Amino acid sequence: TNKSVMRTYNCQKAYTSFMFRLYDDSKDYAEKYLDCIGNTWPNLFAAHAFQAFHMGLISFWLARKSREQRWYERGERSKLALKKWAE
């Protein structure tokens with residue numbers, strides 16, 4: 001499968017699950033998304049900025065629910081990515 005397509009798909013599924021407060025689904029799709037981003041070329045498409053924003057929201061929500069440090073760190077990385085793109 002195309003990693004860029006899977007990246008977008010998993011981000012959208014994670015965001016939809018987040019909007020409906022489906023914790024397990026949000027976590028599952030967020031982890032799949034994070035597996036994909038390491039294997040795709042980081043373009044500066046607007047979609048990637050939206051993905052970083054949505055994954056930041058999801059990561060901080062998962063961090064509050066699970067108290068897992070990795071989700072706080074992931075949220076901070078999303079904030080830094082957005083800041084870099086804004087500069």
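Predicted model: local features only at pLDDT ≥ 70, side-chain atom pairs only at ≥ 80, totals over all residues.
Select Glu31 first: at 27% relative accessibility, this residue counts as partly exposed. The side chains of Glu31 and Arg70 meet in a salt bridge, with 2.5 Å from N to O. This pair links distant parts of the chain, since Glu31 belongs to helix α2 and Arg70 to helix α4, 39 residues apart. Arg70 is partly exposed as well, with a relative accessible area of 39%.

Next, select Lys27 and Glu68. Their side chains form a salt bridge of 3.1 Å, N to O. Here too distant parts of the chain are linked: Lys27 lies in helix α2, whereas Glu68 sits in the loop between α3 and α4 (69–86), and 41 residues separate the two. Glu68 has a relative accessible area of 25% and is therefore partly exposed. Display both pairs together, and a network of salt bridges linking Lys27, Glu31, Glu68 and Arg70 comes into view.

Stay on helix α4 and select Glu76 and Lys79. These residues form a salt bridge whose closest N and O atoms are 3.5 Å apart. Because they are three residues apart in helix α4, about one helical turn separates them. Lys79, at 47% relative accessibility, counts as partly exposed, and so does Glu76, with a relative accessible area of 37%. The count of salt bridges comes to five.

Is His54 buried or exposed? Its relative accessibility is 14%, below the 20% limit, so His54 counts as buried. To see its surroundings, show Cys11 and Tyr15: His54 touches both, leaving aside residues up to four places away in sequence.

For a contrasting view, select Met19, Phe20 and Leu22, which make a nonpolar surface patch of about 330 Å². Leu22 lies in the loop between α1 (3–19) and α2 (23–37). At 40% relative accessibility, Leu22 counts as partly exposed.

Finally, show the whole chain as a cartoon. Its secondary structure comprises four helices and zero strands, in the order α-α-α-α from the N terminus. Of the 87 residues, 33% are buried. Among contacts between residues at least 6 apart in sequence, 64% join residues at least 24 apart.

Technical notes:
Residues numbered from 1 in each chain as written. Heavy atoms only, no water. Patch = residues over 30% accessible without salt bridge, like charges linked within 9 Å, V, L, I, M, F, W, Y side chains within 5 Å. Areas by Shrake-Rupley, 256 points an atom, 1.4 Å probe, with all protein chains shown as cover. Salt bridge = Lys/Arg side-chain N within 4 Å of Asp/Glu carboxyl O. Buried < 20%, exposed > 50% of the residue type's maximum accessible area, 1.4 Å probe, protein only. Contact = heavy atoms within 4.5 Å.
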